[in-house]
Amino acid sequence: MDFNVKKLASDAGVFFSRAVQFTEEKLGQAEKTELDAHFENLLGRADSTKNWTEKILRQTEVLLQPNPSARIEEFLYEKLDRKIPSRITNGELLGQYMIEAASEFGPGTPYGSTLIKVGEAQRHLGAADRDFIQSSMINFLTPLRNFLEGDWKTISKERRLLENRRLDLDACKARLKKAKAAEAKAAATPDFQETRPRNYVLSASASAAEQELRLAQAGFDHQAEVTRLLLEGISSTHTNHLRCLHEFVEAQGTYYAQCYQYTLDLQKLLSRFPGTFVGNTDKPVPPHGASPSAATIPVVPSLAGPCNPTQSSVGFPEVSPPSSGTRRARVLYDYDAADSSELQLLADELITVYSLPGMDSDWLMGEKGTKKGKVPVTYLELLN
């Protein structure tokens with residue numbers, strides 16, 4: 001008990017000495033030991049690394065999980081050291097809804113069969129999203145979080161110890177300065193009243209202050225070296241984060257490549273099932289303002305009656321067929337012939353086309369095997 005009281009009193013004295021030194025420094029009444037320029041640069045670099053790592057970490061979390069409620073839930077699970085429950089992605093949920101809707105509408109109907117195809121594609125997209133999130137969490141976010149919760153906490157702790165050692169050192173310097181000033185003043189005063197014992201006490205006080213200063217200087221130098229080594233380790237942190245950044249970019253590229261491939265395969269799949277898109281005998285019209293060569297999935301508008309698409313109605317640039325000779329053309333969209341004078345077309349098939357004198361510029365004559373008939377220019381991509 002006696003030891004604890006003495007230790008408590010000693011700690012209180014040290015704390016009071018540091019508080020006095022810190023206050024006098026803020027008021028400009030005490031000198032402060034300055035760190036060298038290289039050390040200050042290391043401190044600034046460490047602070048900058050910590051601040052930007054926090055911002056990158058938080059924004060990456062927003063990118064991977066835009067829902068703030070879900071992020072808060074995951075944060076609480078991490079703090080409670082519990083496993084985060086598996087959560088279905090938005091793409092997987094959308095695909096599930098589409099497949100369930102197809103079952104209710106009838107998978108044999110054009111709309112139902114298309115819902116199944118699109119739903120399966122959405123589930124694949126959702127699975128790719130899940131893989132990307134998991135890969136980014138493990139290979140990118142976890143190293144950043146480990147730095148903030150591990151290395152940076154150690155650096156911060158050692159920096160606080162260094163600051164305390166500096167306050168102790170400067171407080172010892174101030175006490176030694178006061179002791180020497182008092183000793184010099186006493187030595188300069190005439191000894192008319194036999195003050196030699198008092199001078200001896202002042203000299204002993206100055207010697208004790210010098211001893212305290214040497215111990216404080218040694219403690220400060222040791223702590224400065226420890227802190228310096230930790231701060232120089234920031235370079236290794238940058239190297240590690242650079243490797244993690246490469247892995248994040250690789251995972252992101254894989255994810256978007258998968259999404260593109262799934263979407264492209266879906267477009268090709270749907271373009272080969274004309275019955276899926278055409279529910280009546282109306283002629284499908286390409287999307288307004290789109291380039292015929294860029295579109296792959298036709299759109300069925302709601303029209304009062306059948307009509308032939310023209311340049312003015314669908315907004316396609318005019319395609320000028322040759323005045324004579326034949327050309328090969330690829331069919332962009334399925335086309336149902338309105339009468340026997342027109343040619344039935346299927347997407348992606350190749351036909352031979354040519355122009356006849358007096359024929360409307362919006363139409364060409366087409367040949368497919370032994371069949372001949374008029375075909376709309378807006379449904380074709382001329383190849384030669």
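A search of the whole structure, which is a predicted model, turns up 16 salt bridges. The idea behind them is simple: side chains of opposite charge can pair when their charged atoms come close. A few of these pairs are worth a walk-through.

Start with Asp36 and Arg228, whose side chains meet in a salt bridge with N to O at 3.3 Å. Asp36 sits in the loop between α1 (2-26) and α2 (37-64), while Arg228 belongs to helix α6 (residues 196-232), so this pair ties together parts that are 192 residues apart in sequence. Asp36 has 37% relative accessibility, so it counts as partly exposed.

Another pair joins Lys368 to Glu349, with the closest N and O atoms 3.2 Å apart. Here, too, distant parts of the chain are linked: Lys368 is in strand β3 (residues 363-368) and Glu349 is in the loop between β1 (326-331) and β2 (350-354), 19 residues apart. On the Asp36 side of the story, salt bridges that share partners join Asp36, Glu225 and Arg228 into one network. Back at the strand pair, the two partners fall into separate classes of cover. Lys368 counts as partly exposed because its relative accessibility is 23%, whereas Glu349 is buried, with a relative accessible area of 18%. The cut-off at work here is that buried means under 20%.

The loop between β1 and β2 also holds Asp334. This residue is buried yet has no salt bridge. The nearest side chain of opposite charge is that of Lys368, and it is 9.2 Å away. A salt bridge needs the nitrogen within 4 Å of a carboxyl oxygen, so Lys368 does not pair with Asp334 in this model. What does lie by Asp334 is backbone: the nitrogen of Ala347 is 2.7 Å from a polar atom of the Asp334 side chain.

Now for helix α7, which covers residues 234-271. At 1.5 Å a residue, its 38 residues should span 56 Å, and the C-alpha atoms at its ends are 55 Å apart, so the two values agree. A number of its residues are buried, including Ile234, His241, Cys244, Phe248, Tyr255 and Leu270.

Leu242 lies in α7 and, at 46% relative accessibility, counts as partly exposed.

Stepping back to the whole chain, there are nine helices and five strands. Reading from the N terminus, the elements run α-α-α-α-α-α-α-α-α-β-β-β-β-β. Of the 384 residues in the chain, buried ones make up 32%.

Key
Residues are numbered from 1 along each chain as its sequence is written. This is a predicted model: local features need pLDDT of at least 70, side-chain atom pairs count only at pLDDT 80 or more; totals for chains, interfaces and linings use all residues. Side-chain values use heavy atoms; hydrogens and water are left out. Helices (H or I, at least four residues) and strands (E, at least two) are DSSP runs, numbered from the N terminus. Buried means under 20% relative accessible area, exposed over 50%, partly exposed in between (1.4 Å probe, protein chains only). Lys and Arg count as positive and Asp and Glu as negative; His and the chain ends are not counted. A polar contact is a pair of N or O atoms within 3.5 Å; within protein, one must be able to donate a hydrogen and the other to accept it, and residues adjacent in sequence count only if both atoms are side-chain atoms. The expected span of a helix is 1.5 Å times one less than its number of residues.
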